[in-house]
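Please look through the model below and follow the report from strand to strand.

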Amino acid sequence: LSEERAPDTLAVQQAPGSDMAAVIAMAEAATPGMQPPPIEILAVSVEGTCNVTYRLQIPSPCVSLDFAYGVVTHLISRHHDGLIVLYDLLNGMTSQVYSSPNTRSLSISPD
């Protein structure tokens, strides 16, 4: 990337068996009173080049991100207001649920 980044939260997942070395999901801090910046998904090649592959619009500031164990196609985000979103990046689908804004830890299994 040619620009400076200051993510508030990020997740990194190795991408075995592909031409990508890794996939990075990141969300920058929201400015009060403004629409939160999107979650950006970046593919990092084995040569070190980096491309944004997804920009996911979010309704509230993101406080944590995590990929499903061992896969780059499923991402879970936790938001300031208690919203939890599961992204199926490959099929372009999402599932949402609200939980306590005080939830501290999330994890997801690929099955």
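## Strands β6 and β7

In this predicted model, Leu-75 has Tyr-87 in β7 as its bridge partner. The two strands, β6 and β7 (residues 83-88), run antiparallel and are joined by 5 bridges. They form a hairpin with 3 residues between the strands, and Gly-82 there takes a positive phi near 95°.

## Strands β5 and β6

Strand β6 also pairs with β5 (residues 62-67), in the antiparallel sense and over 5 bridges. One example is Leu-65, whose bridge partner in β6 is Ser-77. Between β5 and β6 there are 6 residues, and the two strands form a hairpin. Gly-70, in the turn, has a positive phi of about 80°.

## The sheet of β1 to β4

An open sheet is formed by 4 strands, with antiparallel pairing and the order β1-β2-β3-β4. At its edges stand β1 (7-14) and β4, each with a single partner strand, so one side of each has no neighbour in the sheet. On average, neighbouring strands of this sheet are turned by 20° against each other, direction ignored.

Strands β1 and β2 are antiparallel and share 7 bridges. Within this pairing, Gln-14 has Ala-22 in β2 as its bridge partner. As a general point, side chains in a regular strand alternate between the two faces of the sheet.

How many salt bridges does the structure hold? The count is 1. The side chains of Arg-55 and Glu-40 meet in a salt bridge, with 2.7 Å from N to O. Arg-55 belongs to strand β4 (residues 50-56) and Glu-40 to strand β3, so the pair ties together parts that are 15 residues apart in sequence.

Are the two residues of the pair buried or exposed? Arg-55 is exposed, at 51% relative accessible area, whereas Glu-40 is buried, at 10%. In general, side chains of opposite charge can pair when their charged atoms come close.

## The cysteines

A disulfide is a covalent bond between the sulfur atoms of two cysteines. The number of disulfides here is 0. Cys-62 is buried, with a relative accessible area of 5%.

## Gln-35 and Ser-45

Gln-35 is located in the loop between β2 (20-28) and β3. With a relative accessibility of 53%, Gln-35 counts as exposed. Residues up to four places away in sequence aside, Gln-35 touches Ile-58 and Pro-59. The side chain of Gln-35 comes to 2.8 Å from the backbone oxygen of Ile-58. From Gln-35 to Arg-5 the C-alpha to C-alpha distance is 18 Å, and the two are 30 residues apart in sequence.

Ser-45 is part of strand β3 (residues 39-45). Its relative accessibility is 15%, so Ser-45 counts as buried, the limit being under 20%. Apart from neighbours within four places in sequence, Ser-45 is in contact with Asp-19, Met-20 and Ala-21.

Conventions
Residues are numbered from 1 along each chain as its sequence is written. This is a predicted model: local features need pLDDT of at least 70, side-chain atom pairs count only at pLDDT 80 or more; totals for chains, interfaces and linings use all residues. Side-chain values use heavy atoms; hydrogens and water are left out. Buried means under 20% relative accessible area, exposed over 50%, partly exposed in between (1.4 Å probe, protein chains only). Contact means heavy atoms within 4.5 Å. A polar contact is a pair of N or O atoms within 3.5 Å; within protein, one must be able to donate a hydrogen and the other to accept it, and residues adjacent in sequence count only if both atoms are side-chain atoms. A disulfide is a pair of cysteine sulfur atoms within 2.5 Å. A salt bridge is a side-chain nitrogen of Lys or Arg within 4 Å of a carboxyl oxygen of Asp or Glu. Two strands pair if DSSP finds at least two bridges between them. Axes are lines fitted to C-alpha atoms, for helices over the stretch in contact, and angles run from 0 to 180 degrees between N-to-C directions.
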